[in-house]
Structure formats: structure tokens, C-alpha cells
Amino acid sequence: MSLLDEAEAAGLAVSLKAVADPVRLRLLCHIAAAPDTTVCACHLPTALGISQPTLSHHLKKLVDSNLVNREQRGRWAHYRLNQAVVDRLIAALARTTRPGVE
């Protein structure tokens, strides 16, 4: 098994830090499970039981980490899973597992 290069490790660390928070992990899973992996911000506070300021803080962290993309549509922001970044994160974590070990 080869080591991750520094740039890849740094990028993955940003993503892992972002999903290490329970609220952000719930947000990411909610967005990923949505039709077309897109959710309007207007639905998120009620769905997750959090306030608008808390939601904004956590969504900004997910956008800054590139796990989620933000698109303004009129008055509302819509958030979409960045599947390429999520796939890279999953692939990197999959390389750390050893066959036959659970």
C-alpha cells in the first residue's frame, strides 16, 4: 500500500473535519438522500430541527470543504452533493481497510 501524497491528504483532511461534526454529517446525508442530491435551504431547518443561523454555519463549512455545492435560485439557496469529492473520500477510506478484518 502506498502513502497518500501531502496534497491529497490535506484535501481529505478538510473533508473529514467537515463531516466529523454530527450536524454536518446529518446535513450531508440528508442532501445525499434527496432527489437529484439537491435540497433547498428553506426545508433544512425544519427537517433537521436546527435554527437558521446554525444551519448557515454548518452549510458554509460543507461548501468550504467542497463536499456540497451552493447554487442561488432566486431568493433561496440550493445545495447539491459534490459526488466527485465524496467518491474520492470514500475511495481513500476504502484503501485503509484490510481484507478479512472487521
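Which residues does histidine 58 touch, not counting residues up to four places away in sequence? In this predicted model, the residues touched by histidine 58 are Asp21, Val23, Arg24 and Leu27.

## Histidine 58

Histidine 58 lies within helix 4, which comprises residues 52-64. Its relative accessibility is 8%, so histidine 58 counts as buried, the limit being under 20%. Among the residues that histidine 58 touches is Arg24, and the side chains of histidine 58 and arginine 24 are joined by a polar contact of 3.0 Å.

## Nonpolar core

The largest nonpolar core has 21 residues, of which Leu27, Ile31, Leu44, Leu59, Leu67, Val68 and Tyr79 touch the most other members. Two or more residues of this core come from each of helix 1, helix 2 (22-33), helix 3 (44-48), helix 4, strand 3 and helix 5. In soluble globular proteins, nonpolar side chains tend to be buried together.

Tyrosine 79 is in contact with Ile31, Leu59 and Val68, among others, when its neighbours within four places in sequence are left aside. Its other contacts include Thr37, Thr38, Val39, Ala41 and Val63, as well as Asn69 and Arg70.

## Helix 5

Helix 5 consists of 13 residues, 83-95. An α-helix has 3.6 residues a turn, so residues three or four places apart point the same way.

## Asparagine 66

Asparagine 66 is placed in the loop between helix 4 and strand 2 (68-73). With a relative accessible area of 42%, asparagine 66 is partly exposed.

The C-alpha atoms of asparagine 66 and valine 86 are separated by 9.0 Å, with the two residues 20 residues apart along the chain.

## Cysteines

The structure holds 0 disulfides. For cysteine 29, the nearest cysteine sulfur is that of cysteine 40, 20 Å away; a disulfide would require the sulfur atoms to be within 2.5 Å. Cysteine 29 is partly exposed, with a relative accessible area of 45%, whereas cysteine 40 counts as buried at 10% relative accessibility.

Conventions: Residues are numbered from 1 along each chain as its sequence is written. This is a predicted model: local features need pLDDT of at least 70, side-chain atom pairs count only at pLDDT 80 or more; totals for chains, interfaces and linings use all residues. Side-chain values use heavy atoms; hydrogens and water are left out. Helices (H or I, at least four residues) and strands (E, at least two) are DSSP runs, numbered from the N terminus. Buried means under 20% relative accessible area, exposed over 50%, partly exposed in between (1.4 Å probe, protein chains only). A polar contact is a pair of N or O atoms within 3.5 Å; within protein, one must be able to donate a hydrogen and the other to accept it, and residues adjacent in sequence count only if both atoms are side-chain atoms. Contact means heavy atoms within 4.5 Å. The expected span of a helix is 1.5 Å times one less than its number of residues. A nonpolar core is a set of buried Ala, Val, Leu, Ile, Met, Phe, Trp, Tyr and Cys residues joined through side-chain atoms within 4.5 Å.
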